[in-house]
Amino acid sequence: MKRLCACKTCRKGPLGLILGVCLTLTSALVPWAEAGSWPVVVRDALGRTVAVPAPPRRMVVLNSNALDAVRILGAADLVVGVSSLVRNNTPYWRELAALPEVGKWNSPNLEAIAALDPDMVLTYGNNPGQEIEALLGPLGITVLRLDFHHLSTLEREMEVLGRVLERPDKARDYLAWHRGWLERIRSMVAPLIGGAGGLPKAYVESYASYRVSGPGSSIDEMVRAAGMRNIADVMAVPFAEVTPEWVAASEPVIMIKAGSTRDSYACSNPDWLESKRRSVLARPGWEHVVAVRDGRVLVLSSDVCPGTRAVVGVAYMARFAHPELAGSVDPEAIHREYLERFVGLPLRGCYAVGEARP
Amino acid sequence: MSLLADGLSCRACGRDILNGVSLEVRPGQVVSVVGPNGAGKTTLLRCMQGMVRPSAGSVAVGGRDVLRMRPRELARHLAYVPQAGPGTMALTVFDLVLAGRRPHLGWRPSPRDLEAVEAILDDFGLTALAARDVDVLSGGQRQKVFLARAFVQEPRYLLLDEPTSSLDLRHQLEVMELLRRQAAARGVGALVAIHDLNLARRYADRAVLLHCGEVVAGGEPAHVMTPEAIRAVYGVEVECVPVNGGSAVFALRPVSEGEREEHMEESTCDGLH
Amino acid sequence: MSPLTGQDAMVAGGMAAYRALVSRRSAALLALAGLCLAACVWSLSVGSADIGLGRALEALAGGGGHQGAIVRALRLPRVVMGGLVGLGLAMAGTTTQAILRNPLASPFTLGIASGAGFGAVLGIFLAGGHHQGVVAGSSFACAALTAMVVLTLARMRGARAETLILGGVAVMFLFSALTSLLQYAATMEQVHEMVFWFFGSLSKAGWNEIALTAVCVLPPVPLLLRWCWDLNLLMAGDDTARSAGVDVARVRVGGILLAALMTAGAICFTGVIGFIGLVAPHMARILVGSDHRFLLPASGLLGAALVLGADVLGRTAWPPQVVPIGIMTSLLGVPFFFWLLLRRTRGAW
């Protein structure tokens, strides 16, 4: 983080004074400025600059990942409205689930939003469309688009939100925890992949059958962080259909499947994820895929991949891909830490199936 | 074995199209049905074919009710040629006529079927067109193809609705000749709805004059199509001229409403078909 | 038109022309069979696993080792399923067009595909996309239900062609709306599955699925072939057909049922593969004419060849990405349609 420059230049006479003034003015516009000078200008998920006139007091949050982030920053009391996504996991969201719903995440009811008299709406980068800025802007509502979806952008977006909500220290706290775990996993995995085996090959399937998550997708980043090679890294697009023959020919030793569960927090029986796994194993002709033949199929709930709990997902993946880490990487422990430290909840629920327990 | 309509009545759209029509066609007999537009000729033919359910009365062929017969069996007795076929059809002439053999066809057409088709095409002068698609033919040629299809079906009775309407002078004569020949040679009866009174007089053994759904007159053509009857039903003043041993009807002029009403028992019926 | 001189020549010429036409059509039919076979072979020889034609043919006989097993387990089902689906959709399309006397008719325009789509979406919504069997069963049931609804509507009005078409269109809109509603209410994961079902895919076919589809597609074929005279006559008008002894109502209802069965059986496992039921009959008509003795088998063979060809193109256009087969057939079908529109001088047949 840049600080106001206190170097010799600023003490060096008129030139230094001019430089110092320029630097002060510039740093006031930079998102990382320490002083809480309003309005602030930040860059959103799409790279556009958004001017936030004042610290938000009433927020409508459509993006469930962003809602997680808001809760981590201790600003949950500022939320006045949520999207229907919270219905998927009400025990997890607790009091947030009781807030008024303003409709779907990608097509909210703008009148319902306006009726709550918010000053900010937090939503995804691409959904809903840009028309909501035009419609809500005149009502004095700032629309801030942050995804919290990709590992590569999570940190910047958390910092932005921390700045906007005037809680940069909490943001730093979380990021330190997040980075710390990522680093630890990386360092544990590094010696394993340097060897003769190299990176184990993984077939990563998204929600729909036979659709891979290729380069550019959020799961792809996590897979690489966990020390695997995505066989789809030759693709030109993030999501594409493939033939079973290609999967078999690429010889992946692991398969990772994205799943999602309703009420994952309250669920004690991972039936939904299990049946997904079973149907993958039963696919006709897939016994020729190495990963399926060996039964090494991991189904991960979307709660832990990706979003603010992405490190938990990475930990699951790393342990799955590198069984030698079984003793040293404990995704449940990481998850418990997250929940107790940032959310105030005990660890419960089902998030992954398919691993061979040590 | 005759085709018998007994007290046929038919209602449609809340109107009586046919009212108590009775007629008989004997084997080998050509009966023409004449009458102005809207008299109910087409409906009569469709009732005879069993396509329209009459509200009263019955149609029987060989003593059996047509409504009770299965389509394939009925097709061996009756063949119907409608006034106009659908506009487009991409079958060849030969194939369409061959399809008329359906009541007799097995899995594949037999040599007998193919011979019958060739013979009919020859009779109608359609052989040169055998490989052409029906929808590129002229209206007259198309009509002949449909007639050929009906003839090759070898039914006992033919029901023809305006078979000569699109034909030129020569073909009108040819078709009616063919009809007569079939009737004589194979004992095929025919009920022909026809506009041309002279053709009806010349080629039919009997005639039925239909007016507002009722049979006004029936019997020998010359006795049915008298100038008085024609004036009453058609509203046209005609003169019968002797021709070639017989007589022909020559239309003089339409009759005014006043004159007509003197001669008619009921008021004009609407021209609804 | 009575020929004067050379009458015999013209008569002989006419019949000779007809006989030549028939033999040309038979030759075209054989050529189509060859095309279909070539498409099968092409499809078998192409794939990501770099297994050449020789190996592939070996594999058919049971040999080929590990690679042979891959061909039998992962490539051959695609080919067989693709062929079955193409055959079923094309013959269903031909039948529907003859019965409704409408060149734009297909089982899709009767609402069958919309019903099948709704059934699949319902299955995904309730049970999840990974339960292949539930989704396919639901899809089939809804397609059958749609056919029943359309036929009942038609029965109430006398099984006329116009009634069936209008009923089909109404049903199509109904199910499209219901499908959209379910998609709106579904989770993101379910929506993904639903969307991809509509794109169509031959990847999901295993031998069990192929057996079920075969049961739906193959038995109606001889029944339809028996009806080719009736279908020919239906094109000449209801009156003419009835006069020649065709039980018009029965053929219409029966034909729709068979077409619905073939279509539902084809798409309940593979998703919507469009245009085949519309394009294959037209292409076949250009080659062999409208006599259903030739048209039915020709369109079946052509449909199979088209699906297989589209599948190969989808797999090889942009490897290893696969362009979904439903998209591929639409992309290939639209230009053909424009060509058909611009070329046709007489009617739409």
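In this predicted model, two pairs of chains touch, and the pair formed by chains B and C has the most contacts. On that interface, 38 residues of chain B are in contact with 33 residues of chain C. Several elements of chain B each supply at least two residues to the side that touches chain C: the helices α2 (71-77), α3 (93-99), α4 (111-124) and α5 (139-152), together with the strand β6 (78-81). By class, this side of chain B consists of 23 nonpolar, nine polar and six charged residues.

Chain A also meets chain C, through a contact that takes 27 residues from chain A and 29 residues from chain C. On the side of chain A, the elements giving two or more residues are β10 (239-241), α9 (244-250) and α10 (271-281). The largest share, five residues, comes from α9(A). The residues of chain A on this side divide into 14 nonpolar, nine polar and four charged. Chain A and chain B, by contrast, are joined by no contact, and their closest C-alpha atoms lie 41 Å apart.

Within chain A, the division is into domain 1 (2-166) and domain 2 (194-353). The contact between these domains takes 15 residues from domain 1 and 15 residues from domain 2. For domain 1, the elements that give two or more residues to the side touching domain 2 are α2 (64-72), α3 (90-93) and α6 (151-164) of chain A. Among these, α2(A) gives the most, with five residues. The side of domain 1 that touches domain 2 divides into seven nonpolar, six polar and two charged residues.

Chain C has 15 helices and zero strands. Its C-alpha atoms fill a box of roughly 75 × 55 × 35 Å, taken along the principal axes. A compact globule of 349 residues would have a radius of gyration near 20 Å, and the 22 Å of chain C agrees with this.

Packed helices are described by the angle between their axes and by the distance between the axes.

| Helix pair | Angle between axes | Axis distance |
|---|---|---|
| α4 (112-127) and α12 (248-270) of chain C | about 40° | 10 Å apart |
| α12 (310-321) and α13 (331-343) of chain A | roughly 175° | within 9 Å |

At about 40°, α4(C) and α12(C) are therefore oblique to each other. The crossing in which α4(C) passes α12(C) is right-handed. From α4(C), the residues C:Ile112, C:Ala113 and C:Ala116 meet C:Ala260, C:Thr263, C:Ala264, C:Ile267 and C:Cys268 of α12(C). This contact has seven nonpolar residues, one polar residue and no charged residues.

In chain A, the axes of α12(A) and α13(A) cross at roughly 175°, which makes α12(A) roughly antiparallel to α13(A). On the side of α12(A), the contact is made by A:Val311, A:Val312, A:Ala315, A:Tyr316 and A:Arg319, while α13(A) contributes A:Pro331, A:Ile334, A:His335 and A:Tyr338. By class, the contact of α12(A) with α13(A) has seven nonpolar, one polar and one charged residues.

Technical notes
Residues numbered from 1 in each chain as written. Chains lettered and ligands numbered in written order. Predicted model: local features only at pLDDT ≥ 70, side-chain atom pairs only at ≥ 80, totals over all residues. Contact = placed C-beta atoms within 7 Å. Helix = DSSP H or I, 4+ residues; strand = E, 2+ residues; numbered from the N terminus. Nonpolar A, V, L, I, M, F, W, Y, C, P; charged D, E, K, R; others polar. Axes fitted to C-alpha atoms, helices over the stretch in contact; angles between N-to-C directions. Parallel < 35°, antiparallel > 145°, perpendicular 65-115°, else oblique. Left-handed = near helix turned anticlockwise from the far one by under 90°. Domains from an automatic or database assignment. Rg over C-alpha atoms; globule rule 2.2 N^0.38 Å.
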